[in-house]
Amino acid sequence: MPDATGLELLAQELRQQATDGVLGTTYFRNRAALHVAPAFVPAALEHLRGEGYGFMASVHGLDYFPEEPRLGVQYELLDRDALDRVTIKLRVPIDAATVPSVTSKWPTAEFQEREVYDMFGVVFEGHPDLRRILMPEDYEGFPQRRDFPIGGEPVLFTAAETAGRDYTMGSDGVA
């Protein structure tokens, strides 16, 4: 990890590219994080690639309900030579949940961006194949959002289908 000073130096370099691109930094429990504006993500990731962070380990979606902006996306980058890690964080409101896709420069992000879209509803502009990856195409809603209803849907298993029982009901058909 870059230490706190190294993180601030990275942020300063990025601010020279766009003064409003870096919104802040966090160094907590030996984890370095850059908070950036959504439109600045591709430029920030490319700059960090030039600094040695050439491996995108993961892309995550988050829901900060009830805070606004509510949805978050995090990119984990690794420098495998220096054994170093940095996180790029951004947040978007639910009514404008769009982030530029980085799949053209970071192919490993393709399926991870689809998963964030499928689970949280964040739209990645410019993604080559943005569609659901885990849920059925006709599924309504985004199951990892904190306001998604809990309790599940009745699912009929083949063995119980003829008896009309599902996993939410007992053997007598009463919930």
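Modeller: What follows is a set of questions and answers on a predicted model.

Biologist: Start with the strands. What makes β1 and β2 a pair, and in which sense do they run?

Modeller: Two strands pair if there are at least two bridges between them. Strand β1 (residues 22-28) and strand β2 (residues 31-36) are joined by 6 bridges, so they count as paired, and they run antiparallel. Within this pair, tyrosine 27 faces alanine 32 of β2.

Biologist: What lies between β1 and β2?

Modeller: The hairpin has 2 residues between the strands, and arginine 29 there has a positive phi near 55°. Asparagine 30 is also in the loop between β1 and β2. Its phi is positive too, about 60°, although asparagine 30 is not a glycine.

Biologist: Why is asparagine 30 called exposed?

Modeller: The cut-off for exposed is over 50% relative accessible area. Asparagine 30 has 51%, so it counts as exposed.

Biologist: How do you know that β2 has a partner in β5?

Modeller: The count of bridges is 3, and at least two are needed, so β2 and strand β5 (residues 84-92) pair. The sense here is parallel. Leucine 34 is set opposite isoleucine 88 of β5.

Biologist: Which strands does β4 pair with?

Modeller: β3 is one partner, through 8 bridges in an antiparallel arrangement. Serine 58 lies across from glutamate 76 of β4. β5 is another partner, again antiparallel, over 9 bridges. There glutamine 74 is opposite lysine 89 of β5. Both counts meet the requirement of at least two bridges, so both are pairs.

Biologist: Why is β4 described as largely enclosed by the rest of the structure?

Modeller: Buried means under 20% relative accessible area. In β4, 9 of the 9 residues are buried, so the strand is largely enclosed. Leu71, Val73, Tyr75, Leu77 and Asp79 point one way, Gly72, Gln74, Glu76 and Leu78 point the other way, and all are buried.

Biologist: What is found in the loops on either side of β4?

Modeller: The loop between β3 (55-63) and β4 (71-79) holds proline 66, and proline 69 is in that loop as well. Phenylalanine 65 and proline 66 are joined by a cis peptide bond, with omega about 10°. Another cis peptide bond joins glutamate 68 to proline 69, with omega about -10°. In the loop between β4 and β5 is leucine 83. That hairpin has 4 residues between the strands, and leucine 83 has a positive phi near 50°.

Biologist: Is leucine 83 buried or exposed, and what decides it?

Modeller: Its relative accessible area is 73%, and exposed means over 50%, so leucine 83 is exposed.

Biologist: Turn to the aromatic rings. How many pairs are there, and what makes tyrosine 117 and phenylalanine 142 one of them?

Modeller: The structure holds 2 aromatic pairs. For tyrosine 117 and phenylalanine 142, the ring centres are 6.5 Å apart, and rings pair within 6.5 Å. The planes stand at 65°, and over 60 degrees counts as edge-to-face, so this pair is edge-to-face.

Biologist: Why are tyrosine 117 and phenylalanine 142 not called buried?

Modeller: Buried requires under 20%. Tyrosine 117 is at 21%, so it counts as partly exposed. Phenylalanine 142 is at 22%, so it is partly exposed too.

Methods
Residues numbered from 1 in each chain as written. Predicted model: local features only at pLDDT ≥ 70, side-chain atom pairs only at ≥ 80, totals over all residues. Heavy atoms only, no water. Buried < 20%, exposed > 50% of the residue type's maximum accessible area, 1.4 Å probe, protein only. Phe/Tyr/Trp six-rings, centres within 6.5 Å; stacked < 30°, edge-to-face > 60°.
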